[in-house]
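This walk-through covers selected parts of a predicted model. Please view the sequence and coordinates alongside the text.

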Amino acid sequence: ISLAINESKPIYWIYTNKDKDDHLKHVINVLEKLGYIRGSNESDWDLLWAHDYPFSVIPQLKYTSKHQKINHLPGCGYFTNKVDLSLISSKYMPNSFRIPQDKTSLMEYIEKNPDKKFVQKSNTHRGIVIKKPNDFDFTKEESFVQEFIDKPFLIDGFKFDIGIYTVITSIDPLRVYTYKGDVLFRFCPHKYYPFDAKDTKKYVIEDDYLPIWEVSPLKKYYNNLGFSMKDTFDAYVKSIGKDPQIVWDNVDNAIREVLLKKEESVAGIVKKYGGKANYFELVRFDFIIDEELNVFIMEANMSPNLSSAHFPPNRLLYEQVLFNLFGLVGVGKRTDPALRKS
């Protein structure tokens, strides 16, 4: 008996508003290792990888076939939009006030808490700086004022954030997975103390962040012993007599709480589209930690950075996340036979 084997390769295509797709190098590399070939919107494609939200500009996505997957959920903005996310009532979210709607509540809160600091943010998440109440721009639509966590947990004097790669494979029922292999640590390039609100490099994480392998107390774990970023952090926290598991338990609780609160809103949008099984979402939840190891959500990044151009050692993390993601959602069923032979 001879069995006919279909060796036709699955097809992916890329949607991005950028002129080049260099920032998607690892996505493309991993897909091609899995046997995919690149096509276009005109192809009978199997996977659409959209760096930007595709549903408002590609109306035919309402009519996907069963075999087609898209790396975004319709309505994912309910938790990736920074304004919407900030207004969730949760102990894991710093107090936030939508501008201009919540101006009165904000001013009352400031009057009751004169020693607290605040930042004004928007959906672009650029130009963040601590401001005095008189400097708030109450005319700026789609922005919010958020209480600043002014006693962060520091390592070697540096403030940092933690990025947790999270996959939503279904919204109804809700299924959520966090990548446990590693997490992303990014440090401010200037030491937090002596504090100076004018020096944003002391407290804002930007593209030119300080990587974990350049933080002195962590070098022995990450550089010398080959620990992952997460294991490096855990070893350091244990060395100062604290329990890092408190952080990870609270991180899981925070992600669970946010997505449960947004589940109904997102599900309402997904119902307007095709089959529920066509969509998945990779997001990176960014957290900061205070001195007591309490965690606070800063944002949930749609299409999180997966480019190691700035920090080449991050390549391993990004490709591990992608391989696990594609296996989880049924995209990465096998590697290309030619690659297996080599």
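At 37% relative accessibility, D208 counts as partly exposed, because that class lies between under 20% for buried and over 50% for exposed. D208 forms a salt bridge with K201, and the closest N and O atoms of the pair are 2.8 Å apart. K201 is likewise partly exposed, at 24% relative accessibility.

The search of the whole structure finds 18 salt bridges. Another of them pairs R186 with D286, with 3.4 Å between the closest N and O atoms. R186 sits in strand β11 (residues 184-187) and D286 in strand β13 (residues 281-289), so this pair ties together parts that are 100 residues apart in sequence. R186 counts as buried at 13% relative accessibility, and D286 counts as buried at 1%.

A further salt bridge joins D234 to K230, where the closest N and O atoms are 3.0 Å apart. Both residues belong to helix α6 and are 4 residues apart, about one turn of the helix. D234 is buried at 10% relative accessibility, and K230 is buried with a relative accessible area of 18%. Elsewhere, salt bridges with shared partners join D161, R186, R284 and D286 into one network.

Helix α6 (residues 229-239) also packs against another helix. Its axis comes within 9 Å of the axis of helix α5 (residues 216-224), and the two cross at roughly 125 degrees. The helices α5 and α6 are therefore oblique to each other, and their crossing is right-handed. On the α5 side the contact involves P217, L218, Y221 and Y222, which meet M229, T232, A235, Y236 and S239 of α6. The residues of this contact divide into 7 nonpolar and 2 polar, with no charged residue.

The next stop is F311, in the loop between β14 (295-302) and α8 (315-329). F311 is buried, with a relative accessible area of 12%. Apart from neighbours within four places in sequence, F311 is in contact with D207, Y209, P211 and W213. The C-alpha atoms of F311 and L210 are 9.9 Å apart, while the two residues are 101 residues apart in sequence.

Helix α8 also has a part in covering helix α1 (residues 25-33). In α1, the residues H26, V27, I28, V30 and L31 are buried. What covers them includes β1 (11-15), β2 (37-38), β3 (47-50) and α8. Just after α1, G35 takes a positive phi of about 95 degrees.

Technical notes. Residues are numbered from 1 along each chain as its sequence is written. This is a predicted model: local features need pLDDT of at least 70, side-chain atom pairs count only at pLDDT 80 or more; totals for chains, interfaces and linings use all residues. Side-chain values use heavy atoms; hydrogens and water are left out. Axes are lines fitted to C-alpha atoms, for helices over the stretch in contact, and angles run from 0 to 180 degrees between N-to-C directions. Angles under 35 degrees count as roughly parallel, over 145 as roughly antiparallel, 65 to 115 as roughly perpendicular and the rest as oblique. A crossing is left-handed if the near helix is turned anticlockwise from the far one by less than a right angle, and right-handed if clockwise. Contact means heavy atoms within 4.5 Å. Ala, Val, Leu, Ile, Met, Phe, Trp, Tyr, Cys and Pro count as nonpolar, Asp, Glu, Lys and Arg as charged, and the others, Gly among them, as polar. Buried means under 20% relative accessible area, exposed over 50%, partly exposed in between (1.4 Å probe, protein chains only). A salt bridge is a side-chain nitrogen of Lys or Arg within 4 Å of a carboxyl oxygen of Asp or Glu.
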